Amino acid sequence: MAGDGEAGVAVEQRAVPPMWKNGYLVADYGSGSAVLVDPGDEALELLERLANLGGRLLAVLNTHGHFDHICGNRVVKEHWDVPIYLHRADEWLYRNMVEQAAWFGFRYDAPPPPDRLLDGGEVLKPGSFQLEVLHTPGHSPGSVSYRLGDHLFCGDVIFAGSVGRTDLPGGSSETLLTTIREKVLSLPEDVVLYPGHGPTTTVGRERVTNPFLNGELSLG
C-alpha cells in the first residue's frame with residue numbers, strides 16, 4: 001500500500017498469474033470513495049480489499065483496451081454497477097477482447113460495454129477524487145494515463161526501466177516515445193508512476209535510468 005501524495009489517498013496493487021498484470025485500488029480513507037484501475041484477473045482480490053476497507057466503488061478506469069487490463073470488468077460490474085471509462089480510440093480493441101485473448105491462448109467472456117468514452121483532457125470527479133485524463137497513445141491508439149496529484153496510473157506506456165511494446169495492432173514506436181517525452185517526462189520528477197506491469201517508479205528515476213529514453217537501447 002502506498003499512501004504518499006494526495007492526503008488520505010492510498011493505492012493498493014495486486015497482480016496474479018499467469019500475466020502478472022497490475023490492477024490498482026485507489027481509496028480515499030476520509031470519504032470512503034474508491035476507484036479501480038485496470039481490473040484483470042486480480043479483480044476479486046481488489047474487491048475483497050475494498051470490502052475490508054468499507055469503501056464505496058465509484059468507477060472503473062481502463063488505461064487501454066488490451067484484454068489483460070479489462071478482463072476483470074465483468075466481475076466488477078457483477079458486484080458494483082459503476083461506470084467503466086475507456087478512451088474511444090480503443091473501443092474497437094475493447095469490443096474484440098475475446099478474440100484478443102484467444103490470440104494468446106486464453107479464454108474469457110466478453111466484458112460489459114464501456115459506459116463513458118474519453119477523448120483525453122477530461123477531469124473526472126468520482127466522489128472526492130479529481131483525476132486528470134492524459135491521452136498517452138503509442139502502446140495502443142487510445143491509451144490514457146490518469147493523474148491524481150502526484151500519482152500517475154500509466155498502464156503500459158512506461159515501466160520501471162522499460163517502455164510499452166508497440167508490436168500489437170495500433171501500436172507505434174514513434175508515437176510512444178513522443179508521448180513519453182511530452183506527457184510523462186514533462187511531469188514533476190517526484191510523480192509516482194504506477195505501471196501495468198512491474199514495480200512502481202518515478203518520473204525523475206526514469207528520466208535518468210530508463211535505457212529506452214536515454215539512448216542506451218532502441219525500440220527499433
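The largest pocket has a volume of about 230 Å³. The structure is a predicted model, in which local features need pLDDT of at least 70 and side-chain atom pairs count only at pLDDT 80 or more, while totals for chains, interfaces and linings use all residues. Residues are numbered from 1 along each chain as its sequence is written, and side-chain values use heavy atoms, with hydrogens and water left out.

A pocket is an open set of points on a 1 Å grid over the protein atoms alone, with protein on both sides within 12 Å along at least five of seven lines; a cavity is a set where a 1.4 Å probe fits but cannot get out. Lining residues have an atom within 4 Å of a point. Grid points are joined across faces, edges and corners, and a volume is the space filled by probe spheres set on the points.

The lining of the largest pocket comprises 17 residues. Phe 67, Asp 68, Phe 104, Arg 165 and Leu 168 lie nearest the pocket centre. Helices α2 (67-70) and α5 (97-103) each contribute at least two lining residues. Helices (H or I, at least four residues) and strands (E, at least two) are DSSP runs, numbered from the N terminus. By class, the pocket lining splits into 9 nonpolar, 5 polar and 3 charged residues. Here Ala, Val, Leu, Ile, Met, Phe, Trp, Tyr, Cys and Pro count as nonpolar, Asp, Glu, Lys and Arg as charged, and the others, Gly among them, as polar.

The largest cavity holds about 30 Å³. Its lining consists of Val 16, Met 19, Trp 20, Lys 21, Gly 40, Asp 41, Glu 42, Asp 68 and Cys 71. These residues divide into 4 nonpolar, 1 polar and 4 charged.

Backbone geometry was examined next. Pro 17 and Pro 18 are joined by a cis peptide bond, with omega about 10°. Pro 18 sits in the loop between β1 (9-14) and β2 (23-28). Trp 20 is found in the loop between β1 and β2 as well. Trp 20 is not a glycine, yet has a positive phi of about 50°. Asp 38 also has a positive phi, near 55°. Asp 38 belongs to the loop between β3 (33-37) and α1 (43-53). Its relative accessibility is 2%, so Asp 38 counts as buried. Buried means under 20% relative accessible area, exposed over 50%, and partly exposed in between (1.4 Å probe, protein chains only).

Helix α6 (residues 173-184) has 12 residues. From first C-alpha to last, α6 reaches 15 Å, close to the 16 Å expected at 1.5 Å a residue. The expected span is 1.5 Å times one less than the number of residues. Leu 176, Leu 177, Thr 179, Ile 180 and Val 184 are buried in α6. Seen down the axis, these buried residues fall within an arc of 155°, so they line one face of the helix. The arc is that of the directions from the helix axis to the C-beta atoms. Exposed Glu 174 and Glu 182 are on the face turned away from the buried side.

An open sheet of 6 strands runs in the order β7-β8-β9-β10-β13-β14, with mixed pairing. The edge strands, β7 (123-124) and β14 (201-202), each pair on one side only. Two strands pair if DSSP finds at least two bridges between them. β7 and β8 (residues 131-135) are antiparallel over 2 bridges. Leu 124 has Leu 131 of β8 as its bridge partner.
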